[in-house]
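Keep the viewer open and follow along.

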Amino acid sequence: MKKIEAIIKPFKLDEVREALSEVGVTGLTVSEVKGFGRQKGHTELYRGAEYVVDFLPKIKIEIVVADETVEPAIEAIIKAARTGKIGDGKIFVTPVEQVVRIRTGESNEAAI
């Protein structure tokens, strides 16, 4: 099992969710986060004054999938989230040792 964390632009959330659903991902966790990478923020004008926005709003999606679903899920995220512009985001994949469904006590593959 693997945990996939994707940091994407907020307006791409619905497209990514639909794309993941099409490849069989049944559950996901979404968080509103802020951060920056190569963009290093940007400058905005507010009431005639310029100010720097260091941290940009992003969406973090977390899913845990079986090993055979990792590549299709990554491809679905890339296809749905890509705009071709800087700040499209990143995907991180890490191993998951154990999953337990609290309600039923099911574990590992049965709990995903």
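Contact here means heavy atoms within 4.5 Å, and buried means under 20% relative accessible area, with exposed over 50% and partly exposed in between (1.4 Å probe, protein chains only). The labels come from DSSP runs, numbered from the N terminus: helices are H or I runs of at least four residues, and strands are E runs of at least two.

A word on where the values come from: this is a predicted model, in which local features need pLDDT of at least 70 and side-chain atom pairs count only at pLDDT 80 or more, while totals for chains, interfaces and linings use all residues. Residues are numbered from 1 along each chain as its sequence is written, and side-chain values use heavy atoms, with hydrogens and water left out.

Back to H1, then. Its buried residues include Val16, Ala19 and Leu20. These residues cover an arc of only 100 degrees around the axis, which puts them on the same side of H1; the arc is taken from the directions from the helix axis to the C-beta atoms. After H1 comes Gly24, with a positive phi near 100 degrees.

What does H1 lie across? Helix H1, residues 13-22, lies across S1, S2 and S5, and runs at about 10 degrees to S5. Helix H2 (residues 70-81) also packs on the sheet, where it touches S1, S5 and S6, and its direction makes about 5 degrees with that of S1. For both angles, axes are lines fitted to C-alpha atoms, for helices over the stretch in contact, and angles run from 0 to 180 degrees between N-to-C directions.

Now for the sheet itself. It is open and built from four strands in the order S2-S5-S1-S6, with antiparallel pairing. At the edges are strand S2 (29-35) and S6, each of which pairs on one side only. From one strand to the next, the twist averages 25 degrees. Two strands count as paired if DSSP finds at least two bridges between them.

Strand S5, residues 56-65, pairs with S1 in the antiparallel sense over seven bridges. Along this pairing, Ile4 has Ile63 in S5 as its bridge partner, and Ile8 stands opposite Ile59 in S5. S2 and S5 also run antiparallel and are joined by seven bridges; there, Val30 stands opposite Ile61 in S5. S5 is mostly covered, with seven of its ten residues buried.

Next, look at a charged residue in the sheet. Glu5 lies in strand S1, residues 2-8, and counts as buried at 17% relative accessibility. Leaving aside residues up to four places away in sequence, Glu5 touches Lys60, Ile61, Glu62, Lys90, Ile91 and Phe92.

Which side chain meets that of Glu5 in a salt bridge? The side chain of Lys60 does, at 3.1 Å from N to O. With Glu5 in strand S1 and Lys60 in strand S5, the pair ties together parts that are 55 residues apart in sequence. Lys60 counts as partly exposed, at 22% relative accessibility. A salt bridge is a side-chain nitrogen of Lys or Arg within 4 Å of a carboxyl oxygen of Asp or Glu.

The structure holds six salt bridges. Another of them links Lys12 with Glu15, whose closest N and O atoms are 3.2 Å apart. Here Lys12 counts as buried at 9% relative accessibility, whereas Glu15 counts as partly exposed at 38%. Glu106 and Arg101 also meet through their side chains in a salt bridge, at 2.8 Å from N to O. Glu106 is partly exposed, with a relative accessible area of 32%, and Arg101 is partly exposed too, at 28%.

Most residues other than glycine have a negative phi. Asn108, however, has a positive phi, near 55 degrees. Asn108 lies in the segment after strand S6 (90-95) and is partly exposed, with a relative accessible area of 29%.
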